[in-house]
Amino acid sequence: MEAPAISADRLLLFGATGDLARRMLLPSLCALDADGLLPENLRIIGTARSDIDDGEFRNMAREALEQFLPAERRGGMAHFLNRLSYQALDATTLDGFVELAEKVGPSTSEDSDGGLAIFLSTAPSLFGPTIGGLEHAGLTGDHVRIGLEKPLGTDLESSCAINDAVAEAFAEDRIFRIDHYLGKETVQNLLALRFGNILFEPIWNSNYIDHVQITVGETVGLESRVGYYDGSGAMRDMVQNHMLQLLALVAMEPPTSFDATAVRDEKVKALRALRKVGADETVTGQYRKGAVDGTTVPGYDEELGKDSNTETFVAIKAHVDNWRWKGVPFYLRTGKRLPERVTEIVVKFRSVPHSIFEGMGAGMQPNQLLIGIQPEENITLSLMAKVPGLGVDGVKLRQVPLEITMPDAFVGQHRRIAYERLLLDLIQGDQTLFVRRDEVEAQWQWIDAIRAVWEEAGITPKTYSAGTWGPSAAIALTERDGVSWHD
């Protein structure tokens, strides 16, 4: 096991007045404080361009907590607010970082240098100046670690440039690249399911699994992300990070232990084994006017206010070329303005090699494991069982679920925000649920190759009506293999 890191006694939040901080970061930290999980001496310093003082920042935080954190999780809110202070910062000037360093102050720990954890959520154009400013102000020492919120580039080249800039000031073991999906309980439960039970690992391979589906569906359109999303699209926004991390957790080999190095070593092996995708193995789409949840919504070009070739839907047939997964397709799809907000992994097992119930109206179906990540967290294993009763036609079978619904299985446990786990691990210095540089680069290499195929083959987004499951070509992508999407 890796040696434990020094727990931070200061947390510096960049972008502290932004939407992410208000919706996720401050509520997560308050909930952790209410549960007694934050170090007692931890100070939280917010910084952003907004010219406000400590009191105004605390008032903003109070309003955010009242809006986004359930009342039953606000216990001790006054104690949490007392942890907060604020320093306005123009990240383009070095003088501002000197003032910020004075606000952050020295460690309050009596027996060590303590630790400073930095959460960096800024525009990509500010990464370089921010890192340079932190270095200038002496905020990059050996006991400083930094959490980086995406996007980390738009392709391999730009991602490497960002990582190179960060590496100038921080060693890899002090860089925490955030993918908030890894903070979700059910995503972590995937590791427990695979490696904590003897039942699944012996059959977790191409001998028993027919295919895997990963779906990330959104019902929303652009909302407030117009500028970012049109320059990103579904491939960079969802597939490059969230979906490939889910794929890696499904496909990885068993790590030697549950620590950062062992887990991430196995993930990167799976990512590097991804086969190059052909032009006939990918579909892109862009939504048009339609209806979602019974409400008429505009098309992407109408929301954007101009024509665009940015994809809002992607479907991919992927393969992991190693002994475990040879010949098993991984079907990925994600999109905006789909019928449901859902994130799920479906593992479809092969049919029994010989059915003793043939000709008896048995209705045999392959077993299936469904891992629901959002909106509901559950794990469902579908098995064949005999339908009760007597009949002249023989035994009748029907698929029935064995289901673990997390709120029911763990009564009294709060449903946590994903950032709670990640912020706590950043403060404590545990990198297991964060993305290593070689993972990021393996992801971008695969994504860049697909985008090169699009360009070479002249692939542009096909249209689909809002409220549907994407273009018809996405259905054909699986149907020609005799597979149907799980809807």
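Just after helix α13 (residues 418–428), glycine 429 takes a positive phi of about 85°. The model is predicted, so that local features need pLDDT of at least 70 and side-chain atom pairs count only at pLDDT 80 or more, while totals for chains, interfaces and linings use all residues. Residues are numbered from 1 along each chain as its sequence is written, and side-chain values use heavy atoms, with hydrogens and water left out. Helices (H or I, at least four residues) and strands (E, at least two) are DSSP runs, numbered from the N terminus.

Nine of the 11 residues of α13 are buried, so this helix is largely enclosed by the rest of the structure. Buried denotes under 20% relative accessible area, exposed over 50%, and partly exposed in between (1.4 Å probe, protein chains only). The buried positions are Ala418, Tyr419, Glu420, Leu422, Leu423, Leu424, Asp425, Leu426 and Ile427. These residues pack against β1 (10–14), α1 (19–34), β4 (116–120), β5 (144–148) and β6 (175–177), where contact means heavy atoms within 4.5 Å.

Between the C-alpha atoms of glycine 429 and valine 328, which are 101 residues apart along the chain, the separation is 37 Å. Valine 328 lies in the loop between β11 and β12 (329–335) and is buried, at 0% relative accessibility. Not counting residues up to four places away in sequence, valine 328 touches Ser206, Ile209, Asp210, His211, Ala318 and His319.

Threonine 334 belongs to strand β12 and is buried, with 1% relative accessibility. Its side chain reaches the backbone oxygen of valine 216 at 2.8 Å. Beyond four places in sequence, the contacts of threonine 334 include Ala234, Met238, Val239, Met243 and Thr312. Threonine 312 is located in the loop between α11 (300–304) and β11 (313–319) and is buried, with a relative accessible area of 0%. The side chain of threonine 312 makes a polar contact with the side chain of tyrosine 464 at 3.0 Å. A polar contact is a pair of N or O atoms within 3.5 Å; within protein, one must be able to donate a hydrogen and the other to accept it, and residues adjacent in sequence count only if both atoms are side-chain atoms.

The axes of helix α9 (residues 233–251) and helix α14 (residues 437–457) come within 10 Å and cross at roughly 135°. Axes are lines fitted to C-alpha atoms, for helices over the stretch in contact, and angles run from 0 to 180 degrees between N-to-C directions. The two helices α9 and α14 are therefore oblique to each other; angles under 35 degrees count as roughly parallel, over 145 as roughly antiparallel, 65 to 115 as roughly perpendicular and the rest as oblique. Residues of α9 in this contact include Met235, Arg236 and Val239, and those of α14 include Trp444, Trp446 and Trp454.

Most residues other than glycine have a negative phi, and most peptide bonds are trans. Aspartate 293, in the loop between β9 (290–292) and β10 (295–297), has a positive phi of about 55° and is exposed, at 67% relative accessibility. Arginine 337 also has a positive phi, near 55°; this residue is found in the loop between β12 and β13 (342–349) and is buried, at 12% relative accessibility. The peptide bond from glutamine 374 to proline 375 is cis, with omega near 5°, and proline 375 lies in the loop between β14 (368–374) and β15 (378–386).
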